[in-house]
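Work through the exercises below with the structure open beside you. Try each task before you read its solution.

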Amino acid sequence: MNETTLPNYLESASLIRFEDCDPFGHLNNGRYTDYFLNAREDQLRDNYNLDIYRHMQAAGKAWVVTSNQMAYLREAKLMEKVTIRTCLRWFTDTDILMEALMLDKKTGKIKSVAWMRFSYIDVKIGKKTQHEDHLLELFGKVAILGEGKDPLMFEERVKELRQAEVAVGQ
C-alpha cells in the first residue's frame, strides 16, 4: 500500500455471536468494547502494518485504554452481520483517541458509537511515555483531526451522527 494513500477510516465485518448476547438475543453492553477493540487490532495490522503485540515485544511499549465513552443507538442482535468502522480521531505525544462505529451491515445505520482514549505506556516501568517519531508520522497521516485534543464533547459528536443519519434518510 502506498503510504500517501493510507485510509483514515478502516472497516471490517463482524458477526454477533451467541456467547456475547443476553437472554433476549441482544449484544451485551459490555461486549461492544470487545468487538471494537478486536476489529481495530485487525484493522491496524491489515491496513497500517501495525501489529500492536509485535510492537510491544520489540519496543517494550503498549497502548492502554484509559477511558471509554459509548452510546447505544440501536440494538445489535444475535447472528447479525455488522460493519465496524474505526478511525484515529486525534493524537498527542502520549495519547490517542479512537472513534468506533458499529453499523447495520444492510442499512448502514449506526448501532453504537464509542470513543476510546489510550495512553502509551512503557511496559517495564508502567508509566506513560512519548510516542516514537515513526508513530507520530503515521498518526499525522491518518488522524481525522490531526494533532492535539478535540474540544468537541462526546455527546455533541453523538448528536452530529444522529443528525447526519436523519439528513441522509430524508
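## Exercise 1: The largest pocket

The largest pocket holds about 410 Å³ of space. This is a predicted model, where local features need pLDDT of at least 70 and side-chain atom pairs count only at pLDDT 80 or more, while totals for chains, interfaces and linings use all residues. Residues are numbered from 1 along each chain as its sequence is written, and side-chain values use heavy atoms, with hydrogens and water left out.

**Task.** Which residues lie nearest the centre of the largest pocket, and which element gives the largest share of its lining?

**Solution.** 

Step 1. On a 1 Å grid over the protein atoms alone, a pocket is an open set of points where a 1.4 Å probe fits, with protein on both sides within 12 Å along at least five of seven lines. Lining residues have an atom within 4 Å of a point. Points are joined across faces, edges and corners, and the volume is the space filled by probe spheres set on them.

Step 2. Find the centre. The lining has 20 residues, and Arg40, Leu44, Ile52, Trp63 and Phe118 lie nearest the centre.

Step 3. Sort by element. Helices (H or I, at least four residues) and strands (E, at least two) are DSSP runs, numbered from the N terminus. Two or more lining residues come from each of α1, α2 (52-59), β2, β4 and α3. The largest share, six residues, is from α1.

## Exercise 2: Aromatic pairs

**Task.** How many aromatic pairs are in the whole structure? Which parts does the pair of Tyr32 and Tyr72 tie together?

**Solution.** 

Step 1. Count. A search of the whole structure gives four aromatic pairs. Rings of Phe, Tyr and Trp (its six-membered ring) pair if their centres lie within 6.5 Å; planes under 30 degrees apart are stacked, over 60 edge-to-face and the rest tilted.

Step 2. Take Tyr32 and Tyr72. Their centres are 5.0 Å apart, with 70 degrees between the planes, and the pair is edge-to-face. Tyr32 belongs to helix α1 (residues 31-48) and Tyr72 to strand β2 (residues 61-72), so the pair links parts 40 residues apart in sequence.

Step 3. Check burial. Buried means under 20% relative accessible area, exposed over 50%, and partly exposed in between (1.4 Å probe, protein chains only). Tyr32 has 2%, so it is buried. Tyr72 has 37%, so it is partly exposed.

Step 4. Take Trp63 and Tyr120. The ring centres are 4.8 Å apart and the planes are at 35 degrees, so this pair is tilted. Trp63 sits in strand β2 and Tyr120 in strand β5 (residues 110-122), so the pair ties parts 57 residues apart in sequence. Both Trp63 and Tyr120 are buried.

## Exercise 3: The nonpolar cores

**Solution.** 

Step 1. Define it. A nonpolar core is a set of buried Ala, Val, Leu, Ile, Met, Phe, Trp, Tyr and Cys residues joined through side-chain atoms within 4.5 Å. In soluble globular proteins, nonpolar side chains tend to be buried together.

Step 2. The largest core has 31 residues; Ile16, Phe36, Tyr48, Trp63 and Met102 touch the most other members.

Step 3. Sort by element. Two or more residues come from each of α1, β3 (81-91), β4 (95-104), β5 and α3 (133-142). α1 gives the most, with six residues.

Step 4. Look beyond. Another core, of 11 residues, lies apart from this one and includes Leu97, Leu101, Trp115 and Phe154.
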